[in-house]
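I'll jot down what I looked up, one entry at a time.

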Amino acid sequence: MTREQAKALIGERFSSAQVDGDAPTSAEATAGRPIVVTLAVDQWTAFALFAKTTLGCRFFSFSSAVDWKEQGLEVVARIDNLDDGVGVMMKARLGPGVSACPSLVPVFRGAEWMERECYDMFGIQFEGHPDLRRMLLSDDWQGHPLLKSYAVDTPHPPYR
Amino acid sequence: MEIKPPVPQIPAPIWRNIKDLQEWEQTHQRRPEGDKHSQLFESVTEGIHSFPGGFVVTTVADAFLNWARKSSVWPVTFGLACCAIEMMATFASRFDVERLGMVPWASPRHSDLMVVSGTVTIKMAPMLERIYDQMPDPKWAVSMGSCANSGGPFRHGYHVVKGVDRVIPVDVYVPGCPPPPESLLNGLLLLQDQIAHFRKTGRRALPNPKVD
């Protein structure tokens, strides 16, 4: 499957999703780049399943989030079709003040720790995650440090 | 958990306007009077010292004990970050700390010195404190590298302790990022010099103007 075929399939199935929004489209510029798909939140799991089954993206590369301050959080996940060298970057805006997002764990088991880390750093509640605990920080930690609203020198007694 | 009182040897920071340095000064006022288990020993020496001519005994005992202590400082093998690589190089044959009587020992219960080599995160700090508490008195700590001294480049990160002296009392600070083995060796020699100036067998010495 080439990149163009994958884009056509995505456009057919998810017509409301924005594919390669403002990215350059020339062949040189897109070589090795993922297809960037911007989705609505309710399509998040459905698109992952579609990408896994139809596009052959069986490798879950990573998942993370971006805090766009008053515009809310954005969840990002990258999945790859390693056989054909096609990568898909999935993005979804959760909307201002929202921290709930459907989980990708039913589709990709490898998303489990990534989503735990994402919960740890951004406080995103992944619905359907089997074991949503803190990943890197200790269990008694207050707050989610990668949010823009987390102050840089937040004290953490007794050590800072 | 209680913050251990810090070291008096550090000169006051010159950047007095910076807020968290003022806070640092407030938190780091005094260090404990001597070590936990040296109290009895200290009172005995105090008693001998009060006899006429007793100072001869105590001074000689001090000199002898300090010589013994400084000649067998065993560092616990405790590496935290990339500074640990330089620490390992220092412990290995090329820089060879064994000629100073230091044997890197893999148990805190037989060690006298902890070289805090690297970034101390908030998650690691309780474990560090626990290992330090397992070491028998008298014990010393060398803070190695910018991260252990002050937090270094990660000072304003959310997860880093701003200097290991907020967790344990530190005797010698070795600057550098990371300090080369020569620097650490110099720090260890300064530590030996400090140990040689212990008085009343257990009271930590003031900095020696000749070496500091």
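This is a predicted model: local features need pLDDT of at least 70, side-chain atom pairs count only at pLDDT 80 or more; totals for chains, interfaces and linings use all residues.

**Entry 1: a serine in chain B**

Before anything else I need a cut-off: a residue is buried under 20% relative accessible area, exposed over 50%, and partly exposed in between.

Buried, exposed or partly exposed: where does Ser72(B) fall? I get a relative accessible area of 33% for Ser72(B), so I write it down as partly exposed. I find Ser72(B) in the loop between α3 (54–71) and β1 of chain B. Setting aside residues up to four places away in sequence, I see Ser72(B) touching Gly101(B) and Asp112(B). I also looked at where its side chain goes: the side chain of Ser72(B) reaches the backbone oxygen of Ala68(B) at 3.2 Å.

**Entry 2: chain B as a whole**

I stepped back to see the layout. I count 7 helices and 4 strands in chain B. Reading along the sequence, I get the pattern α-α-α-β-α-β-α-β-α-β-α for chain B. Chain B has 212 residues, and 45% of them count as buried. I then took the contacts in chain B between residues at least 6 apart in sequence, and 76% of those join residues at least 24 apart.

**Entry 3: helix α4 of chain B**

Which residues of helix α4 (residues 83–91) of chain B are buried? My list for α4(B) reads Cys83(B), Ala84(B), Met87(B), Thr90(B) and Phe91(B). Looking down the axis of α4(B), I see these buried residues fall within an arc of 110°, so they line one face of the helix. What does that face pack against, I wondered. The buried residues of α4(B) pack against β1 (75–76), β2 (113–117), β3 (140–144), α6 (145–150) and α7 (181–196) of chain B.

**Entry 4: aromatic pairs**

How many aromatic pairs are there over all chains? My search of the whole structure turned up 7. I followed one of them, Phe14(A) with Phe47(A), which is edge-to-face at 5.2 Å centre to centre, with 65° between the planes. Phe14(A) sits in the loop between α1 (3–13) and β1 (18–19) of chain A and Phe47(A) in helix α3 (residues 44–53) of chain A, so this pair ties together parts 33 residues apart in sequence. I have both Phe14(A) and Phe47(A) down as buried.

I then turned to Phe60(A) and Phe108(A), a tilted pair at 5.4 Å centre to centre, with 35° between the planes. Phe60(A) is in strand β3 (residues 59–67) of chain A and Phe108(A) in the loop between β6 (100–102) and α4 (111–122) of chain A, so here the parts tied together are 48 residues apart in sequence. Phe60(A) and Phe108(A) are buried too.

I also noted one aromatic cluster formed by Phe14(A), Phe47(A) and Phe50(A). As for charges over rings, Arg13(A) lies over the face of Phe14(A), at 4.4 Å from the ring centre, and Lys52(A) lies over the face of Phe108(A), at 5.3 Å from the ring centre.

**Entry 5: nonpolar cores**

The largest nonpolar core I found has 57 residues, and Phe47(A) is one of those with the most contacts inside it, along with others including Trp44(A) and Met114(B). Apart from that core lies another, of 21 residues, among them Val73(B) and Leu191(B).

Note on methods: Residues are numbered from 1 along each chain as its sequence is written. Chains are lettered from A and ligands numbered from 1 in the order in which they are written. Side-chain values use heavy atoms; hydrogens and water are left out. Buried means under 20% relative accessible area, exposed over 50%, partly exposed in between (1.4 Å probe, protein chains only). Helices (H or I, at least four residues) and strands (E, at least two) are DSSP runs, numbered from the N terminus. The arc is that of the directions from the helix axis to the C-beta atoms. Contact means heavy atoms within 4.5 Å. Rings of Phe, Tyr and Trp (its six-membered ring) pair if their centres lie within 6.5 Å; planes under 30 degrees apart count as stacked, over 60 as edge-to-face and the rest as tilted. A charge sits over a ring if NZ of Lys or CZ of Arg is within 6 Å of the ring centre and within 35 degrees of the ring normal. A polar contact is a pair of N or O atoms within 3.5 Å; within protein, one must be able to donate a hydrogen and the other to accept it, and residues adjacent in sequence count only if both atoms are side-chain atoms. A nonpolar core is a set of buried Ala, Val, Leu, Ile, Met, Phe, Trp, Tyr and Cys residues joined through side-chain atoms within 4.5 Å.
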